[in-house]
2 protein chains.
Amino acid sequence: MAIQDVECCEEICVHEERIKVIDAQMLEEDELYDLAELFKVFGDSTRIRILFVLSEAELCVCDLAQTLHMNQSAISHQLKILKQAKLVTSRREGKSVFYSLADDHVRTILGQGMEHIEEK
Amino acid sequence: MAIQDVECCEEICVHEERIKVIDAQMLEEDELYDLAELFKVFGDSTRIRILFVLSEAELCVCDLAQTLHMNQSAISHQLKILKQAKLVTSRREGKSVFYSLADDHVRTILGQGMEHIEEK
DNA sequence: TGAACATATGAAGAATTGTTCATATGTTTA
DNA sequence: TAAACATATGAACAATTCTTCATATGTTCA
């Protein structure tokens, strides 16, 4: 992101004190980045579908692929992203790997999102 | 998304009944899409910063640009996206346009996101 | 051990997205 | 009405992302 001087409205709306206070309370750069990265993970309909399905039942990669009508590779790639974000966990059982939701934040966030879009 | 037949594990992990039940409960295509679109809006650090700043105070475009050290055009573009997603609202006051958070879902979602990344 | 199966992953191409630049729109005031 | 100011927006380029294909890894069982 380019940092630069910005010519700005001077009379009405620049409240320097207010800006200073906000600046001080601002999230750290890496927190901001992590937060955006987290939501980016939610921001894909394939991953939303995976999370939604896993909120109903623990499933293996193959079941997920079949349920979502997508090939195994695509699902595996998305599961990797979900796992890196700690939104899902997995356990191996023989040849299969079963995935499930990592914790309740996932459900809460999905639920809040649903509420928001339903209010429109 | 390509829909196709997937050769799938047959012995261990395909639970056809389970899949049928999940299929029936699955979100509608457009709900899924809307939900992903919503989270996509949260999935950018500039927009997260805008939302965070607006959670502290109502600000005009110019103040936002100055606070975030970005130019006015970039901020306006992002505000448009936030407004389309109904995450912010605006009111005009003379030459300036003031933006603020649209509702408390925004705060809840941001808060849950913060909790999640802080638990790591 | 080797064949069969389930999952993971690297590379590549298509599609999407964010910022910048230039300019348009809308508001105030001289 | 014209100039000055604040905001909005279209086009373009760079960067990121998602899916597919091919193949590698890991597990079971004959």
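Colleague: Which are the buried residues of α4(B)?

Modeller: They are B:Val61, B:Cys62, B:Asp63, B:Leu64, B:Ala65, B:Gln66, B:Thr67 and B:Leu68. Keep in mind that this is a predicted model.

Colleague: And how many of the residues of α4(B) is that?

Modeller: 8 of 8. The helix spans residues 61–68 of chain B and is mostly covered.

Colleague: What happens just after α4(B)?

Modeller: B:His69 comes there, and its phi is positive, about 55 degrees.

Colleague: Is B:Lys80 buried or exposed, and why?

Modeller: B:Lys80 is exposed, because it has 11 other C-beta atoms within 10 Å. The cut-off for exposed is 12 or fewer.

Colleague: What separation do the C-alpha atoms of B:Lys80 and B:Ile117 have?

Modeller: 27 Å. Along the chain, B:Lys80 and B:Ile117 are 37 residues apart.

Colleague: Change of topic: strands. In what order do the strands of the chain B sheet come?

Modeller: The order is β1-β3-β2. The sheet is open, has 3 strands, and its pairing is antiparallel. At the edges are β1 (59–60) and β2 (88–93) of chain B, and each pairs on one side only.

Colleague: How many bridges join β1(B) to β3 of chain B?

Modeller: There are 2, and β3 covers residues 96–101. B:Cys60 has B:Phe98 of β3(B) opposite.

Colleague: How many residues sit between the strands in the hairpin of β2(B) and β3(B)?

Modeller: 2 residues. In this hairpin B:Gly94 takes a positive phi, near 65 degrees.

Colleague: Over to chain A. How many helices and strands are there?

Modeller: Chain A has 6 helices and 3 strands. Read from the N terminus, they run α-α-α-β-α-α-β-β-α.

Colleague: What share of chain A do buried residues make up?

Modeller: 35% of its 120 residues.

Colleague: And which share of the contacts in chain A joins residues 24 or more positions apart?

Modeller: 48% of the contacts with a separation of 6 or more.

Colleague: What about the chain A sheet, what order do its strands take?

Modeller: β1-β3-β2, in an open sheet of 3 strands with antiparallel pairing. The edge strands are β1 (59–60) and β2 (88–93) of chain A, each pairing on one side only.

Colleague: Which strand do 6 bridges join to β2(A)?

Modeller: β3 of chain A, residues 96–101, running antiparallel to β2(A). One pair to look for is A:Arg91, with A:Phe98 of β3(A) opposite.

Colleague: Which strands does α3(A) lie across?

Modeller: β1, β2 and β3 of chain A. α3(A) runs at about 90 degrees to β3(A).

Colleague: At roughly what angle do the axes of α3 and α5 of chain A cross?

Modeller: At roughly 75 degrees, and the axes come within 10 Å. So α3(A) is roughly perpendicular to α5(A). On the α3(A) side the contact is made by A:Thr46, A:Arg47 and A:Ile50. On the α5(A) side it is A:Gln78, A:Leu79, A:Ile81 and A:Leu82. By class, this contact of α3(A) with α5(A) has 4 nonpolar, 2 polar and 1 charged residues.

Colleague: Last bit, between the chains. How do the axes of α2 of chain A and α6 of chain B cross?

Modeller: At roughly 105 degrees, coming within 10 Å of each other. The helices are residues 29–42 of chain A and 104–118 of chain B. Therefore α2(A) and α6(B) are roughly perpendicular.

Colleague: Which residues in α2(A) and α6(B) meet?

Modeller: A:Asp34, A:Leu35, A:Leu38 and A:Phe39 in α2(A) meet B:Gly113, B:Met114, B:His116 and B:Ile117 in α6(B). The residues of this contact of α2(A) with α6(B) are 5 nonpolar, 2 polar and 1 charged.

Technical notes. Residues numbered from 1 in each chain as written. Chains lettered and ligands numbered in written order. Predicted model: local features only at pLDDT ≥ 70, side-chain atom pairs only at ≥ 80, totals over all residues. Pairing = 2+ DSSP bridges. Helix = DSSP H or I, 4+ residues; strand = E, 2+ residues; numbered from the N terminus. Buried ≥ 20, exposed ≤ 12 C-beta atoms within 10 Å, placed from the backbone. Contact = placed C-beta atoms within 7 Å. Axes fitted to C-alpha atoms, helices over the stretch in contact; angles between N-to-C directions. Parallel < 35°, antiparallel > 145°, perpendicular 65-115°, else oblique. Nonpolar A, V, L, I, M, F, W, Y, C, P; charged D, E, K, R; others polar.
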